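Colleague: I would like to learn how to read sheets, helix packing and contacts in a model. Could we go through them one feature at a time?

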Amino acid sequence: MITWSNFVSQLFNGLALGALLALISSGLTIIYGTLGVLNLAHGAMFMLGGYAGYLAYDRTGSFVLAVIAGALFLLVVGIVMERVIIRYFYRRPPEDQLLVTFGLSICFVEIVRFFFSSLSKTVPPPKIFAGITNLGFMFYPTYRLAVVGVVALALIALFLILYKTRLGLIVRAGIEDSVMVDSLGINVDRVFMLVFGIGAMAAGFAGVVNAPVVSLAPDMGEAILVQTFVVVVIGGVGSFPGAVLGGLIAGEIISITSMINPGYAYVMLFAAMTLVLMVRPHGLLGVKGRE
Amino acid sequence: MNADRLGNTQRRFMVEGLTAAALIAAPFVLPHLGAAPDTVNRILVWGMFGLGFDILFGYTGLLSFGQSALYGTGGMVSAYLLTQAGFPHVVTALVIGTVAAAIVGYLVGLVALRRTGIYFAMITVAIAEVFFFVEFNPLSRWTGGENGLPGVPAPSIYLGFATLHFRSGWKLYPFIAFLYFIGIVVALRIVRSPVGAIFRAIRENPLRAAAVGHSVHAYKLCAFVIGAAYAGLAGGLLGVMQGFMPPDAFMFDTSGQLVIQTAIGGIGTLFGPLLGAAVWLFLQDFLQATLKLGATWKLVLGLIFVLLVCFLRRGIIGGLRDLYALVFRKGSAAREEQAAAAPAATPLRTRTAAAAAPSREGAHAAGPILKAVDLNKRYGGLVANADINFTVNRGELRGIIGPNGAGKSTFFKMLTCEVPPTSGRIEFGGRDITGMSVTDVCQLGLTKSYQVNQLFNRLTARENITIAALARLRGKFRLDMMGGLWNIPGLRGQVEHTLELVNLAGRPDTPVAELAYGEKRRLEVGLALASNPSLLLLDEPLAGMSPRERVETVQLLKSIGRGRTMIIIDHDMDSLFELVERVTVLQEGRVLVEGTPDEIKSNAEVQEAYLGGVREAAA
C-alpha cells in the first residue's frame, strides 16, 4: 500500500540515490568531455572505492579514514591507469578506448573477487549518523540524510574546482574545444592525468559513502555504470550541471517506480532516456557537437 | 588489377569451400584432439552470434554492448514456442525467433541510432540492462523468470522416407554446423555486396558517406537488424543445444563475452568470433581444470584481453594477416612504387579520357543551374554571409575568391546543405533545395570536394571511388545485400573512368593511408566526380600543394571542367584565373563584385579591398 509517508521517504531515497549518481556521473562526464575517453571501468572504480573503504574501516575502525582512503586510493588508481594505459589510447579510435576500459573493468572486478571472494561485505555507518531521525512527519535513516549532505558537499567541491580554479578553466575549455586548448601552449598532458584522477576519485568517494547503505559485491559496479550512462544521456555529455540534473531525475525515477513495482524501475528509466533522445537528442543541458 | 579481381572470385569460392570442408571434417578430427562435442556446438553458436556482431562492429564500426538483448529475445521466443505454445517444428520456431529478434532489433536500433559514437555505446548498454530486467520481472510469466525455459526439444527433420533426429552432442552437430554454414555464406554475400561496401565506408567516415549520397542512418539500421537476426538465431540454437533456455543469455556478461571473443579472434574478419569463442572456451577449460585456477581464470582472461587490445588490436586473424603481408608482400610493394612513378607522365591520356566525359544532364542546355537568393548565415552575433545573390549557368566555370574569413567555405556549406542558412533560398536545377539533407542534394547532382581531405582511409583508392559511384548508380538506399558488387551495370566503367580522370589509374589498389598528399587531394576530387554531378563545387583543390603539383592539378581540373559546371574556391589566383570564366569576389560575407578574370584583375574596388596590400607594397 502506498502511503503518504512511504512516498515521501521514497522521494528522499531518490534524492540520496540521485545525489550519488550525480557525483559518479560528473566524474564520468568530465573525463569524457576533457579526454574524449568513455571510461567503461567507471562502475568498477565505484566498486573499488567501496572495497578500499571497507578495508580501511576493517583495519582502523574509523569511517572518516575509510572515506579518505577510498577517495585517495581511486585518485591513485586513476592516475596510474591514465599514465600506464589510457594515454596511449587518445589517438586510437574510440572503439579501442571502449574495449580497453571494458577489459580493465573485468580485471578490477576479478581482482576484488580474488582477494575478497564473491560474498558481500558490509560497512556500518559511523556512530554519529547511526539510527533514525524524526523529521517531524516521518522517521528516516540518519545516515541516508548524511549521504545527501556529504555528496552535496562533494559536488560543491567539484563545482569549485571546475569553475573557480585554473585547472577547471582548462577542463571546461577543453570540453568545448580540445584542439584549441592544445594549441594555446597548455600542458594538456598533466591536465589529462589530473582530470582522470579526479574523475576516478569522484567515483571512489561515492563508492565509500554508499557502502553503509548497500552491501558490497564485486559486480556491484555494473548496475551503477548503466545508471550513470542513462544519467549522462539525459543530462548531456560533458555537462556538469547536466550530470547533476540527470542524476536527480534518474534517482527519483528509480525510487518512485520501485515503490510501485521494482521490476519496472529500469523500464521507466529507459523510457525517460528515450523520451529525452526524441525531444532533445543532445541531452537536457548538453550542447550540440560535444560528442 | 583484373588478375586481382579474378583472384578474388577464386578466393571467394575458396572461403566457402574451406569452411564446408572444415565443418565436415570437424567431427572426425576434433574428438582425437580431446574436444567434447558440446564444446564444439557451443563454439558454433557463439560463432553464429558473432557473424552478425562482426558485420555490425567490424564492418560498420558500431560497437554495441547490447547484443545480449537480441540473443535472449530470439532464444526466448523460440523456446517459448517450443515449450509453452506446443509448437512442433524446431526449424520454424528458430525462424520465428530470428524474425522476432530482427523486429526488436529494428525498434531498438531506431532509439540507439538516434545518436552516434559514444552515445550509441552507452545506449546499447542501457538497453541490454533493460531487457534483462524486463525478462526477469514483467515478462517472467512467459520467460520463466530466473528459472528459464526447460524442455526445449531437439530438432528432427522428416525427409519423407525417414526422420533425422538431431538429439545432442555429435548427433546435434550436423544441424548446427549446417546452419552455421548457411550463416557464413549469407554473411560473406552481405559483406561482398554493395551494401557491405557502404558499411565499410560508414565505418571509415560516416560524414563523407552521407555527403557522397548514401543514407547513412538507413544503412546503420540495416546493419543493426542483420546483427539482431544473427543474434536471434544463435539464441534459439542455444536453447535447442542445451534443451533449456537460460535466462542469463540476457545478462550484460553475454554481450561482454561476445565483444571479447570477437576482439580476440579478429574484428572485421567474420571468422574472428568463432576463433575467439574457441580460444575462450579452451582457456576456460585449461585455466580452470588444468591449472586449477578456479574462478581466477576470468582475471587471467581479462589481462589477456587488455594486453591484446593494447598490442594486437586486430586480433589473432588480423595479426596473422599482418604477418603474412609482412613476409610475402615485399615484392608487390616494390611493384606498386614503380606504378606510382608512372602516372605523372600520362596527363595526355587523361585529357582524352575527359573529352569523352558524359555529364549527367545535357550540360550545354542554357539557363541557370544554381541560384542563391538573399542568402544569410549568422553564428550568434557573427555574420558569416549576408544577402548573397548568386547565379551560375549550366556549363559555366566559376571561381570564388576572397580573403580569409570572407565566408567562402560557409557559402559552400550552405549550397551543399551541410549547414542551413539563417535566411534565404537556394535553388538547384529549378528546385528549391533549402533545408534538404546533404545526401539528398548529392543525389540530385550537387556535390563538393572538401578543403580538408575527407576520405575513407583504410580503403583503397578504387574502393573510395566505388563508394561514391555506388551512390549515383543505386540511389541513396537500396537493400541489394545478396547481389555482387560488380554486377551493378556501369559501375566498373564509372570507377575506372573516374580513376583515370584524376590520374590514379596507376595505383588503384593502394590504401589511402599510403597515398602521397597530392594523390589524396586528387582522390578527394575524384570522390566528388565519381557521382557524376551536374554541378561540382571544389573547395580549395590546390590547398597545400607544391608548385609542381599545382601545375599538374590545374591541368587536371581543366580537363575535368570540360563539359561540366563547376564552382571553385581557391587562394591561388593565377591558377584560378587561368581555370575559370567568371569570378565572384566575396568580402566580409558579402558579394563585392562579379566579372571575368580580366575585369576582376583590373577592378579598382577589388584591388582596393582585396589586393590593396599588394599595390601599396609595390608602390
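Colleague: How many bridges join strand S8 of chain B to S9(B)?

Modeller: Strands and helices here are DSSP runs numbered from the N terminus, with helices (H or I) of at least four residues and strands (E) of at least two. Two strands pair if DSSP finds at least two bridges between them. In this case, 2 bridges join S8(B), residues 423-428, to S9(B), and the two strands run antiparallel. B:Phe428 stands opposite B:Arg431 in S9(B).

Colleague: What should I keep in mind about the model and its numbering?

Modeller: This is a predicted model, in which local features need pLDDT of at least 70 and side-chain atom pairs count only at pLDDT 80 or more, while totals for chains, interfaces and linings use all residues. Residues are numbered from 1 along each chain as its sequence is written, and chains are lettered from A and ligands numbered from 1 in the order in which they are written.

Colleague: In what order do the strands of the open sheet with S8 and S9 of chain B lie?

Modeller: The order is S6-S5-S8-S9 in chain B, 4 strands with antiparallel pairing. S6(B), residues 382-393, and S9(B), residues 431-432, stand at the edges; each has a single partner strand, so one side of each is left without a neighbour in the sheet.

Colleague: How many residues lie between S5(B) and S6(B) in their hairpin?

Modeller: There are 2 residues between them, and B:Gly380 in the turn has a positive phi of about 60°. S5(B), residues 368-379, is joined to S6(B) by 8 bridges, and these strands run antiparallel. B:Tyr379 stands opposite B:Leu382 in S6(B).

Colleague: Which strands make up the open sheet of 6 strands in chain B?

Modeller: Its order is S10-S11-S12-S7-S13-S14, and the pairing is mixed. S10(B), residues 446-449, and S14(B), residues 590-595, are the edge strands, each pairing on one side only. For angles, axes are lines fitted to C-alpha atoms, for helices over the stretch in contact, and the angles run from 0 to 180 degrees between N-to-C directions. Neighbouring strands of this sheet are turned by 20° against each other on average, direction ignored. Between S13(B), residues 582-587, and S14(B) there are 5 bridges, and the two run antiparallel. B:Thr584 has B:Glu594 in S14(B) as its bridge partner.

Colleague: Which strands does helix H21 of chain B lie across?

Modeller: H21(B), residues 517-530, lies across S10 and S11 of chain B and runs at about 175° to S10(B).

Colleague: At what angle do helices H1 and H5 of chain A cross?

Modeller: Angles under 35 degrees count as roughly parallel, over 145 as roughly antiparallel, 65 to 115 as roughly perpendicular and the rest as oblique. The axes of H1(A), residues 4-35, and H5(A), residues 142-164, come within 9 Å and cross at roughly 30°. The two helices are therefore roughly parallel to each other. A crossing is left-handed if the near helix is turned anticlockwise from the far one by less than a right angle, and right-handed if clockwise. The crossing of H1(A) and H5(A) is left-handed.

Colleague: Which residues of H1(A) and H5(A) meet?

Modeller: Residues are in contact if their C-beta atoms, placed from the backbone, lie within 7 Å. Among them are A:Phe12, A:Leu15 and A:Ser26 in H1(A), and A:Arg144, A:Val147 and A:Leu158 in H5(A). For classes, Ala, Val, Leu, Ile, Met, Phe, Trp, Tyr, Cys and Pro count as nonpolar, Asp, Glu, Lys and Arg as charged, and the others, Gly among them, as polar. The contact of H1(A) with H5(A) divides into 14 nonpolar, 1 polar and 1 charged residues.

Colleague: How far apart are the axes of H1(A) and helix H6 of chain A?

Modeller: They are 7 Å apart, and H1(A) and H6(A), residues 166-176, pack at an angle of about 65°. That makes H1(A) roughly perpendicular to H6(A). The crossing of H1(A) and H6(A) is left-handed. A:Ile30, A:Gly33 and A:Thr34 in H1(A) meet A:Val171, A:Gly174 and A:Ile175 in H6(A). By class, this contact has 3 nonpolar, 3 polar and no charged residues.

Colleague: How many residues does the contact take from chain B and from chain A?

Modeller: The contact takes 33 residues from chain B and 35 residues from chain A. On the side of chain B that touches chain A, H5(B) gives the most, with 12 residues.

Terms used: Contact = placed C-beta atoms within 7 Å.
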